Each structure stands twice: as C-alpha cells, then as structure tokens.
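Hi,

Here is the structure we talked about, for you to open alongside this message. Below it are my notes on what turned up.

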Amino acid sequence: MASITLENVGKVYPGGTRAIGDVNIDIADGEFIVLVGPSGCGKSTLLRMVAGLESITDGTVRIADRVVNEIEPADRDIAMVFQNYALYPHMSVRQNLEYGLKNRGTKRDEIDRRVAEAAGILQLEPYLDRKPRALSGGQRQRVAMGRAIVREPAAFLFDEPLSNLDAKLRVAMRLEIKELQKRLRTTSLYVTHDQLEAMTLADRLVVLNMGKVEQIGTPLEVYRRPASAFVAGFIGSPAMNLIPARAVPHLPGSAHAGLLGIRPEDMDITADGPIVLRINAVEELGAQRLVHGLVGGEAFTVTAPSDADLGEVLRLSVPTQALHRFDAESGKRLD
Amino acid sequence: MIENRPGLNLLAHLVLILGVAIVAMPVWIAFVASTHTATDFSSGTIPMWPGPHLIENYSRMLDSGLSTSGTPPVGMMMLNSLVMALMIAIGKIIISVLSAFAIVYFRFPLRNLAFWCIFITLMLPVEVRIVPTFQVVAGLGLLNSYAGLSIPLIASATATFLFRQVFLTIPDELTEAARIDGAGPMKFFRDILLPLSRTNIAALFVILFIYGWNQYLWPLLVTTDSSYYTIVAGIKRMADAVDGLPQWHLVMATAVMAMLPPVAVVIAMQKLFVKGLVETEK
C-alpha cells in the first residue's frame, strides 16, 4: 500500500532521443491508474522507469514517499506483470510463485501461506505442480498475476498484460483484474494501447502522446471533456469526428474555433440540421448502424437507425453541449 | 518434398546402404582382425568373418598390454583418456558458459574487444599453436600430467558462441522478471540460465567429450611417461613396430575398445543431444 509520485520525470536516450518529457503524476494509495496511448508514445518506457528497468534521466519518482531513482527494481517494493507473462519455463507454477519470496529470505511457512492464498484467489490450486507450458494463455496470465500478488508489494505494475489473449478471454480477465485490485486495494499502474480496456479499468486515465501527458482524469472526465484534439480522437469508440470549423459555419461557436469535435452518437437526424452528410459506407452493428461520409472533406461518422442506407443524404443537428472546440494550432480545448 | 515413386525410394535406399557400408566396413574389419591371430591377418588374405581368438586377444590387452611397444594395459590408457576427455568437456563447458554469460548480460569496458579476442581464437586451433603451447606447458612443468593434457585444449570459442546464441534466445522479460524477483546476477545464472540451457549443455558435452577422447597429436607430444598415455595416442605407439610386423590383431582389439566409450556417451545422451540441437523455443 503506497502512493506513487512522478515529478518532472523525463527520459533521454544516450543518442539524444527524448522518449519521455516532463511527466507529473500523483497516484494515491490504492488507486488504479491506466497509462494509455498509441504505440510508441512512451507509456511502456514510463512504466519501466517506475519499475527500475529503465534509468530515469530527469526528475524524481517516489514510491511510498521514498525517492527510488537509484534503487534496484527488487528493492522498490513493486511487482510487475509482463505482456508475455515471463514465467520461468523450467519451474512449476508453485516454484514460479515462490521464487521472488525465496530470494527475499521469506520464511517457509509464510511462503506456503501466501502461495496458498494467491492460488485460492486466482483458482490456480489444480495447476500448482504443472509447468507453464502445460497451461492455457489465461492460466499463464493468472500465474503471472499470482507471482505479483504473493509478493504483497506496495504497487502492481502491469505492462499490457492482456494483449496476448483472445478477445473473449481478454474481457473476462479485465473484469478479474478489476475485481482483484478492488479487493486487494493495491496501488496499480497499468499500461495499455486499448482505450476500451483503459476506460473500463481505470480509476483515473493518463493519456500519453509522444512522451507527453495529454490529459489526466477519470474515464468519464476524459470522455466528456477531452483536453485536446488528440485525446478526443483517441478515447471513445467509434472515434470522435474532428472537422475544420469553417466547414460547418452554421454551428454555434464555430466562428472562434479551429477544430470542432462531435461524437458520432451525439447527433440527431432532423429535417433542417446544419450538417449535411451523404452516406458512402455503412457498418452494421445490429441494433444500429454506423454510417460514414465526408463533411468539409474530412471523414465523418454517425450512429444512425438501422434504416439509414447507402446513398441517402442525412441532415444532422448537434446540441450545443455536445460540441467540443479545439484550437487549430495546438489542438488544445478552447472552453 | 513428398513423392511416392518406388523407383526413387529404391535408389535412395541403395545410396544410404552404400554410405553405411563405406562407413561400417573398416569398423567391421577392425573387429574381425581383433578376433584372429597375428599370422592370420598378415598372411595376405584378409579374413571377413570373426575368428576364435576374441577372448584371448582382448584379455591380453586388458591385462598386460603390448609390452614391446612400451604401452601400459588398455584399461590404464582408457582411464587416462576418460580423465582427459571429461576434463576437456567439462572445463570447456564451464569456461564457455561463463564467458557467454559475461558477454551477453554485462556491459563492461572493452566488452567488444573481449568478444573479438574470443572470436580470433577460432583461427588458432591446437595444431597451429602447438610449438609455443608446448613450450608454455613444459615451462609450467605440466608435461606428463592430466593438467598438461587437458588445460591447453579447454578454451573454446565455438562453445562460447553456441551459449551466446542460446542466451540471446532467452526473452529479456525473463531477465527482468528475475531482477524484480530479487535474483542477483549469479543467482539468475544458476536458477534460470543454467536450467534453460540444460539440453544445449548436454549436446555440447557429447560433442566435446568425443573431441577430447579423439585427441591425438597433443597427448602424443606431452606424454612421455607411459602411465599418462591416452588410448588414441597409445594405438599409434603400438602400430609403430620397429623390429618386426605390427601386432595388428592386438592393435585392432585396442581400437575396438577405444571406440566403445564415445559410442556409450552418444547412446546414453542421444535424446538430450538431439533436443539440444533442434530445440529453439525457450
């Protein structure tokens, strides 16, 4: 149980490339923070800097109010779950769980107690004597989490732990991780490129782009009031429409903004709506359809009732509160 | 390629049988020769089937050896060969696995230079550096000793490279997981790297044991005391008959016995050997 503080954290590689620039995040005790961003945005690097697997070139990282910049990963009191699980292939599940504890000189009966407890929580009891290769992907993932749990660390670090699983299992494990974290109340830092995973898991989201923090907030805050055009386009599925304001001069507020953002689900089809959309592609979702077209030369998507069809022309109106206005140059939110 | 043509199958088998025959024939002749008397073999016609003197020839070599050529009993030479081959194989494995560990996992100054130095030794096998090596070994007073027989042959670039490749296939995450789990470098080496390279070590052991066992030139040079003769060098000494015909039947009996330990090692470690050479997934 501990807080984690990142203060002006940055990373410059020896070649001079800047991977992370000036990141400030305060993570409260027991909070579940998700770092999300497109690939190459530096989210994994940032996590690995907290873990101690990458050096920190600027700023300070504190775990439980202790500066850990120069402290070995093993002594930072953290546990990490890797994308490819990183289980020791020659050890049984039990040995995998015990290894970190043994290295720390934990007493035998304490090790047994913790392993039994973790195996119980993760339903791993039947597999304790198996080798990792004899387990399915989901079970391996559980073992990897078990290895973190038995350590009873100050914080869990997850590095895209679900990306090697198939879609159905991913959703199930996502729920499990969430419940587990709620139960153990261990501070967690979780990296993913999947915005849906980020939304469902996070107490607070940190959206990263090109090594910089774009926005920090609860999933709803980030969804409702994206701080920049990048966040607006990244969070939410289907993605928010971003069009130049001059393309729709009749919309309120468009005069002062460079970019307008409208979520596909926030529009109404009305007879005299200011936006005109000719449908040139349709995606069937069952209950409704996603229809695509061009507005002001930019791709534009709307959720429409299931009778909207190819070639049809829709007129759309937008409630004022559903309009997001961004600066054309910086991409920053204007209100 | 999968083709089902009987003619092609027949041809393939003929080629294989011919190949086997070419390899096996000398071994068979050696065995046949070791079961006859000296005169049978040097009479001009070589017998093709085993004679009645098998036990006599073999027990003579095991008991007393060929005293005229100054070689000790075969058992003694076999023991010397075994000690030498084991020292070379185990020594090579220990040294190369440690140097590969250093090269792959540590960032130290002049690491590249060290790597290239090891690489360059590939160009310097024993035969090339035999005179200076002999001088060094003689200077250290290691002639006629097990250390002198094995130490100059222990350094191995090939094995170092093999382990380097093995270590490079081990995912980085495993190293990082071990770091977070609090395993220091040597603990990581012992608990993770060694068990994961187990099959490769076994495969290398087979190859190196046979390499060590078959050493000929170096043992011939550094042993003058007959109690340190190795079996392969010993056979050569037996065949050097100065004042008479070589005792071929006894030489062949020795040769057949010299073949047995490598064969035993290969058979015993066959499974691990194949696994170590083909297995890539870690």
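**What I found**

The crossing of α2(A) and α3(A) is right-handed (left-handed would mean the near helix is turned anticlockwise from the far one by less than a right angle, right-handed clockwise). The contact there is made by A:Arg94, A:Leu97, A:Glu98, A:Leu101 and A:Lys102 of α2(A) with A:Ile111, A:Arg114, A:Val115 and A:Ala118 of α3(A); being in contact means that C-beta atoms, placed from the backbone, lie within 7 Å. Those residues split into five nonpolar, no polar and four charged. In this scheme Ala, Val, Leu, Ile, Met, Phe, Trp, Tyr, Cys and Pro are nonpolar, Asp, Glu, Lys and Arg are charged, and the others, Gly among them, are polar.

Before you read on: this is a predicted model, where local features need pLDDT of at least 70 and side-chain atom pairs count only at pLDDT 80 or more, while totals for chains, interfaces and linings use all residues. Residues are numbered from 1 along each chain as its sequence is written, and chains are lettered from A and ligands numbered from 1 in the order in which they are written. Helices (H or I, at least four residues) and strands (E, at least two) are DSSP runs, numbered from the N terminus.

Back to that helix pair. α2 (residues 93–103) and α3 (residues 108–121) of chain A have axes that come within 10 Å and cross at roughly 135°. The axes are lines fitted to C-alpha atoms, for helices over the stretch in contact, with angles from 0 to 180 degrees between N-to-C directions.

**Where the chains meet**

Chain A puts 16 residues into the contact and chain B puts in 15. On the chain A side, β6 (78–81) and α2 each supply at least two residues, and α2(A) gives the largest share, three residues. That side of chain A divides into eleven nonpolar, four polar and one charged.

**Over in chain B**

Helices α4 (residues 74–105) and α7 (residues 146–154) of chain B cross at roughly 35°, with axes that come within 9 Å. This crossing is right-handed too. The residues of the contact between α4(B) and α7(B) come out as nine nonpolar, two polar and one charged.

Helix α14 (residues 248–278) of chain B has a kink of about 70° centred on B:Gln270; the bend at a residue is the angle between axes fitted to the seven residues ending there and the seven starting there. Among the buried residues of α14(B) are B:Trp248, B:Phe273 and B:Gly276.

- The peptide bond from A:Ser237 to A:Pro238 is cis, with omega near 0°; A:Pro238 sits in the loop between α8 (229–234) and β11 (241–244).
- A:Ala86, in the loop between β6 and α2, is not a glycine but has a positive phi, near 50°. A:Ala86 counts as buried, with 25 C-beta neighbours inside 10 Å (buried is 20 or more other C-beta atoms within 10 Å of its own, exposed 12 or fewer, partly exposed in between, with C-beta atoms placed from the backbone).
- A:Glu152 also has a positive phi, about 45°, without being a glycine. A:Glu152 lies in the loop between α4 (137–150) and β7 (155–159) and is partly exposed, with 15 other C-beta atoms within 10 Å.

Cheers

Methods:
Two residues are in contact if their C-beta atoms, placed from the backbone, lie within 7 Å.
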